[in-house]
Amino acid sequence: MSLKCPVTIKAKVTENLKQRLAAEIQENIKKVDMELQQLEFHAKRALADQAKQDMQGLTAIRQQIDAERQKRLEFKNHMMEKLKETAQLELGAEIAQGTLERTVSVGIGDDLHKILGEEILIEDGIVIAFRR
């Protein structure tokens with residue numbers, strides 16, 4: 001019988017990996033900062049336009065804008081925490097980088113726990129070990 005099984009990808013922490021992760025996180029922070037600036041710009045226009053039409057819709061628009069702003073600020077705070085965590089990673093430690101799927105053939109008597117617990121360890125993008 002053939003099954004699709006998850007394979008965990010783990011990366012060995014190197015200085016190169018820490019720098020790459022930090023750069024990705026900083027890029028996400030820059031993007032959310034730009035989104036916040038755009039949101040503020042569009043919010044001012046939308047509020048001004050709505051104020052000209054009717055005051056009742058103004059509160060609803062303001063609440064929607066505040067909710068969007070809050071979502072982005074929460075994401076930014078989350079990214080800032082991840083940046084701190086990345087800086088504190090110990091060299092040589094292993095961190096999860098994702099999961100892939102593979103197809104395996106299983107038969108009677110096979111140890112399913114071994115099959116389901118497989119991992120690939122990489123270091124700077126190069127596979128250095130397969131684990132069961």
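The protein contains three helices and four strands. In this predicted model, the elements follow one another along the sequence in the pattern β-α-α-β-α-β-β.

The overall dimensions were examined next. The C-alpha trace of the protein spans about 75 × 40 × 15 Å along its principal axes. The radius of gyration of the protein is 23 Å, whereas a compact globule of 132 residues would have a value near 14 Å. Of the 132 residues in the protein, 23% are buried. Among contacts with a separation of 6 or more, 78% are between residues 24 or more positions apart.

Charged side chains were also counted. The protein carries 21 positive and 22 negative side chains. The centres of the positive and negative sets lie 3 Å apart.

One backbone angle deserves mention. Most residues other than glycine have a negative phi. Asp 124, by contrast, has a positive phi, near 50°, although the residue is not a glycine. Asp 124 belongs to the loop that lies between β3 (119-123) and β4 (126-131). The relative accessible area of Asp 124 is 41%. Because this value falls between the limits of 20% for buried and 50% for exposed residues, Asp 124 is classed as partly exposed.

Technical notes. Residues numbered from 1 in each chain as written. Predicted model: local features only at pLDDT ≥ 70, side-chain atom pairs only at ≥ 80, totals over all residues. Heavy atoms only, no water. Helix = DSSP H or I, 4+ residues; strand = E, 2+ residues; numbered from the N terminus. Rg over C-alpha atoms; globule rule 2.2 N^0.38 Å. Buried < 20%, exposed > 50% of the residue type's maximum accessible area, 1.4 Å probe, protein only. Contact = heavy atoms within 4.5 Å. Lys, Arg positive; Asp, Glu negative; His and termini not counted. Charge placed at Lys NZ, Arg CZ, Asp CG, Glu CD.
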